[in-house]
Amino acid sequence: MRARPMASFLYIASALVALSSTHPCAPDHDELLVSLNKKLLRSADEQASLPNPSVHLALRLSTHHNLVKESAHLNSLKSKLHNDIESTLVKEQAVTGRLALYILALKSSCHDLNSLTLTVDQKSETLLTHLKRQMDKEKEHIAFSHRPLTNYYQYSLGILALCVSGVRVNPHVSNKLVHAVENGLIKNEDSLCIDSLAMAGMALQCLKDAESAGQGADKLGVALSTIKQKLQDSKRTDGHMGNEFSTGLAVQALLAMGTQVEKCSDSMNALRADVRKGTYHNPMAISQVLPALLQRSYLNVKGKECREEDDSLVLDPQPQLTELAGKTSIPLEVEVVKSDGKATTYSVVVPQGSSLLQALTLLQEKQTGFIFETESSLWGPFLSSVEREQARQTDRRFWRLSSDGNSLTQGVQDYKIDAAQKITIKNTTY
Ligand code: B12
């Protein structure tokens, strides 16, 4: 039989193209991306009391879109979140992180930022003017008490939002972040500092790219190297940096800082492994992981043009959830340690698979004296008061959650009780 060189060449070439569109390390990569993207779109579609700007940002940074639903979500941000931020400003409470995320979300939809204003004391000013003012307050607070009004995560988000919007950032503001990085002041408990360092990395990289750093350029470069090193050093044997919930931001930061994070790298494999396990169901978690898996970062908002976008993402009908009857009962001990060190232990039996929130509600209903309250946040309910004792952020205190001595990596709504254990809720300083 005569060989047909042209046909063989075409065959090999098309096989190579097919191979390059899947990944040798993860043939299901694209499938996982679409599943996360759909979960995020579904969360945006549900009429939440407060639409989440981080969800919008991630939807807009994606390659697949549902333009009608994204535009409806944008409108909802412009009414509900806008009003929420305005009323927080009226109460003179810090709103740096939310305002920054709102600006990033608007930018990601190519919305004209100057067309929106926030009105406080009958004075209407643009969002960017308000953010600049928030950042000045944060900076004054650092000068006065060595820490921001909110935290370094939100401080970095503030710089990032101003920078990607093309606003010159006051060098005194950016210097305070560089100083915090260089002096190891960005520390939260456990791995929480990886998220904050990652956000600082994206903010400082944006400043470096804008070349507005002037004389501070050298210092910026040093701080960026420090962050890069710390992120790389935080890598666990399973490939996660910090923990499952900080890796997305850490990957985004490394990409923004010009470090190659290949699709088959340890960290990407670790993220995909957790997508398969279903670890990322909280919309806030998905919103931080999806851009990383797409090898994008929040810095990509800067050059976004919103032209000729794909419009192929559709939501499948939601599967009916059937309650499993006859669940196993799990005995749970709940220890509360108040600020004076006094500890009380309670017992409760809960159906296997209950959330910690459901377990605490059952315990409260038993009227043993245990009572609690939560406050809503972008991550879900935040435990704020236990046995009438508040752990206030203004006092740098919070109710720290742990199970058999290990700090929880999820909050009360997401953490599921699958086996007998002792939950400790301790009023802690940070
Ligand atoms: C700073 C921070 C804290 C600070 C917040 C106070 C402050 N003023 O600094 C403190 C130390 C109190 C804290 C506590 C906890 N945190 Co925290 N925190 C963060 C961090 C680094 C930034 C949050 C932020 O400012 N966001 C910006 C603004 C715009 O969003 P926001 O929703 O308005 O912000 C508020 C909430 O996020 C809330 N908050 C902070 N952490 C958590 C955690 C949960 C589960 C909830 C519901 C709310 C919440 O505090 C923020 C400030 O008011 C994030 C990192 C990240 N990737 O998001 C982790 C992060 C959200 N925290 C996390 C965790 C696990 C906790 C704890 C459950 C730890 C523990 N073992 O107790 C507790 C919450 C317990 C409780 N009482 O309900 C995880 C959540 C992962 C998940 N899947 O749920 C993250 C992602 C860190 C990580 N990589 O593990 N946290």
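Predicted model: local features only at pLDDT ≥ 70, side-chain atom pairs only at ≥ 80, totals over all residues.
Local features need pLDDT of at least 70 and side-chain atom pairs count only at pLDDT 80 or more, while totals for chains, interfaces and linings use all residues. Residues are numbered from 1 along each chain as its sequence is written, and side-chain values use heavy atoms, with hydrogens and water left out.

**View A. Salt bridge between Glu70 and Arg60.** The closest N and O atoms of this pair are 2.6 Å apart. Glu70 belongs to helix H4 (residues 67–90) and Arg60 to helix H3 (residues 53–61), so the contact ties together parts that are 10 residues apart in sequence. Helices are DSSP runs of H or I with at least four residues, numbered from the N terminus. Both residues, Glu70 and Arg60, are buried (under 20% relative accessible area; exposed is over 50%, partly exposed in between; 1.4 Å probe, protein chains only). A salt bridge here is a side-chain nitrogen of Lys or Arg within 4 Å of a carboxyl oxygen of Asp or Glu; the count by this rule is 17.

**View B. Salt bridge between Asp266 and Lys235.** The N to O distance is 3.9 Å. Asp266 lies in helix H12 (residues 266–277), and Lys235 in the loop between helix H10 (217–233) and helix H11 (247–256), so the pair ties together parts 31 residues apart in sequence. Asp266 is partly exposed at 44% relative accessibility, as is Lys235 at 38%.

**View C. Salt bridge between Arg236 and Asp238.** Their closest N and O atoms are 2.8 Å apart. Arg236 is partly exposed, with a relative accessible area of 31%; Asp238 is also partly exposed, at 40%.

**View D. Network of Arg60, Glu70, Lys304 and Glu309.** Salt bridges with shared partners join these four residues into one network.

Conventions:
Helix = DSSP H or I, 4+ residues; strand = E, 2+ residues; numbered from the N terminus.
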